[in-house]
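Please keep the sequence and the model at hand while reading.

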Amino acid sequence: MKKMSVLDRILLLVTGLLAAYQIVTGIGDAPALSAWAYTIAFGVLLVAGLLLIIMGFEILDSPWVIIVSTIIPLSLSSGLIAEYLPQITIPYLIFAIAGFLAIVYTRLNANTPKKTATIVLAAIHGIAGMLIFLLPIILAAQGTLPGGFALVGVGGALIGVGGLLLAFLKAGKPILPQKTILTLLPGLLLLMTAAFVIGFAAV
Amino acid sequence: MNVIKTKFRLYWPLIKSLQTALLLITGLAGFMSTRCPILNWTTTLQVVGSLFLAISGSTILNMWYDRDIDAKMPRTQHRPLPSGQISSREVLILGLISSIAGIGWAIALNPLYGLVVFAGLFFDVVIYTIWLKRRTAWSIVWGGISGGMPVLAGRTLGTGHIEWIGIVLALAILFWIPTHILTFSMRYRKDYASAGVPTFPAAYGDHVTQIIIAVSSMIAAVLMIVAAYGIGLTLGYLRLMAVLSIGMLLLAIGSATRPSERVNFGLFKYASLYMLSAMILMMLVV
């Protein structure tokens with residue numbers, strides 16, 4: 001496993017500080033459900049960043065990493081849906097909770113074939129990721145929200161990339177060599193968080 | 001000049017700089033969180049000076065008293081005192097001077113503040129180190145009470161009296177101490193066993209210890225949020241505090257349900273970071 005460099009730690013620390021900033025400032029006049037969902041997403045980012053700094057990349061060996069990292073796109077997408085597509089909030093929440101439970105079950109149940117676990121993860125992560133990617137860009141393109149909000153979509157794309165890299169790495173079929181993924185990860189997390197923070201600040 | 005450098009290099013480990021700094025920050029946070037009525041830098045610097053001397057003095061006296069057990073533990077036997085690089089008489093004198101100077105300065109600043117600082121030193125050196133540390137694993141409760149004194153002292157100086165927020169903050173530190181100390185005593189269990197120091201893991205086993213860590217982490221987190229609310233932190237900062245608290249709680253539960261050396265030591269480090277972050281928030285954002 002790659003050893004964490006000073007640069008990695010600095011990038012993760014800045015990521016944590018950005019996430020902390022977002023938790024403190026909140027997001028405009030978001031409804032309560034969205035505010036909670038965003039807080040959960042940035043809270044997971046903050047704590048995950050701190051744990052990576054403290055425990056090193058070895059923490060990625062834990063089966064809980066995939067489960068916890070799924071919380072970020074699921075809660076962010078739930079927040080966006082509750083704020084901008086309130087008419088489908090309940091069905092989406094049901095999907096998010098059921099999807100999360102399915103990921104927990106397939107990841108922790110030793111009898112689940114690896115392929116099934118990967119398909120479940122890719123489907124649920126994919127839907128949540130696409131929502132975070134497309135919804136802000138569409139809203140910004142329509143002029144419903146300021147152009148800067150499209151950066152939330154960029155953050156969504158980055159989280160999708162990061163999620164896929166990690167998921168395939170954990171499945172034993174890495175898209176890139178492990179060392180490359182771990183070298184990219186802190187920078188990717190920082191860019192993603194920065195895109196979210198700047199994007200939400202534009203609202 | 002070289003003599004001074006050498007002495008400084010030998011003396012510096014005697015004060016356990018990281019631990020002293022963390023306690024100093026809690027005291028400073030206690031004082032600065034009162035905004036009495038606006039921050040006074042002269043008094044703030046005096047708080048730093050008096051607490052630094054008192055906490056360092058207490059730590060040096062502990063080092064002096066525990067030099068025999070430090071010599072038996074691989075983790076501590078290379079410290080300047082047990083390894084014979086400084087004489088015990090020299091360390092005792094330094095510890096007494098630092099303690100007396102710190103308490104004297106604190107009393108001169110405010111008698112009630114000085115009394116709380118003195119109580120911290122008394123609980124730490126006399127009750128914890130000299131009386132209970134070698135007799136019972138429960139001595140850490142007194143170590144915890146002593147650890148809560150700097151923040152209570154800071155609040156007392158700022159408000160002029162002992163009030164509920166200061167007490168809640170001191171209790172939060174008391175309940176945070178097991179997370180910090182017990183994870184440490186699990187990691188270095190052989191050291192403590194070879195020195196004959198009773199610890200919770202040795203007396204009650206790992207599982208009970210991990211449950212105590214999880215429960216005390218939860219209580220510490222709740223108390224910290226209550227104190228933060230009492231101090232007047234805004235909703236955003238309370239949210240951030242809650243997130244950091246939940247992180248510590250989940251790690252403690254993880255350590256109790258799926259124990260491993262890595263999670264255990266991760267919790268130890270996270271607990272320190274948590275306390276530092278909580279105190280900085282209270283210092284800077286009221």
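The crossing of helix 6 and helix 7 of chain A is left-handed. The contact between the two helices in this predicted model draws on A:Ala150, A:Leu151, A:Val152, A:Val154, A:Gly155, A:Leu158, A:Ile159, A:Val161, A:Gly162, A:Leu165 and A:Leu169 from helix 6 of chain A, and on residues of helix 7 of chain A including A:Gln178, A:Ile181, A:Leu185, A:Met192, A:Phe196 and A:Phe200. By class, the contact of helix 6 of chain A with helix 7 of chain A has 19 nonpolar and 4 polar residues, and no charged ones.

Two packed helices are described by the angle between their axes and the distance between the axes. Helix 6 of chain A covers residues 150-170 and helix 7 of chain A covers residues 178-201; they pack at an angle of about 155°, with their axes 8 Å apart. Angles over 145 degrees count as roughly antiparallel, and helix 6 of chain A and helix 7 of chain A are therefore roughly antiparallel to each other.

**The contact between the chains**

Chain A gives 14 residues to the contact, and chain B gives 11 residues. On the side of chain A that touches chain B, the elements that give two or more residues are helix 1 (6-25) and helix 2 (32-55) of chain A. Helix 2 of chain A gives the most to this side, with 8 residues. By class, the side of chain A that touches chain B has 9 nonpolar, 4 polar and 1 charged residues.

**The domains of chain B**

Chain B is divided into domain 1 (1-159) and domain 2 (163-286). Taken over C-alpha atoms, the centres of domain 1 and domain 2 of chain B are separated by 21 Å. In the contact between them, 30 residues of domain 1 of chain B meet 30 residues of domain 2 of chain B. Helix 2 (17-32) and helix 7 (139-159) of chain B are the elements that give two or more residues to the side of domain 1 that touches domain 2. Helix 7 of chain B gives the most to that side, with 12 residues. The residues of the side of domain 1 of chain B that touches domain 2 of chain B divide into 14 nonpolar, 10 polar and 6 charged.

**Individual residues**

| Pair | Apart in sequence | Apart in space, C-alpha to C-alpha |
|---|---|---|
| A:Thr89 and A:Ser78 | 11 residues | 7.4 Å |
| B:Ala101 and B:Ser50 | 51 residues | 7.5 Å |

A:Thr89 lies in helix 4 of chain A, which covers residues 89-108. This threonine, A:Thr89, is partly exposed, with 16 other C-beta atoms within 10 Å. Leaving aside its neighbours within four places in sequence, A:Thr89 is in contact with A:Ile81 and A:Ala82.

In chain B, B:Ala101 belongs to helix 5 (residues 88-109). B:Ala101 counts as partly exposed because 16 C-beta neighbours lie inside 10 Å.

Most residues other than glycine have a negative phi. B:Lys16, although it is not a glycine, has a positive phi of about 45°. The place of B:Lys16 is in the loop between helix 1 (2-11) and helix 2 of chain B. With 18 C-beta neighbours inside 10 Å, B:Lys16 counts as partly exposed.

Key:
Residues numbered from 1 in each chain as written. Chains lettered and ligands numbered in written order. Predicted model: local features only at pLDDT ≥ 70, side-chain atom pairs only at ≥ 80, totals over all residues. Contact = placed C-beta atoms within 7 Å. Helix = DSSP H or I, 4+ residues; strand = E, 2+ residues; numbered from the N terminus. Nonpolar A, V, L, I, M, F, W, Y, C, P; charged D, E, K, R; others polar. Domains from an automatic or database assignment. Buried ≥ 20, exposed ≤ 12 C-beta atoms within 10 Å, placed from the backbone. Axes fitted to C-alpha atoms, helices over the stretch in contact; angles between N-to-C directions. Parallel < 35°, antiparallel > 145°, perpendicular 65-115°, else oblique. Left-handed = near helix turned anticlockwise from the far one by under 90°.
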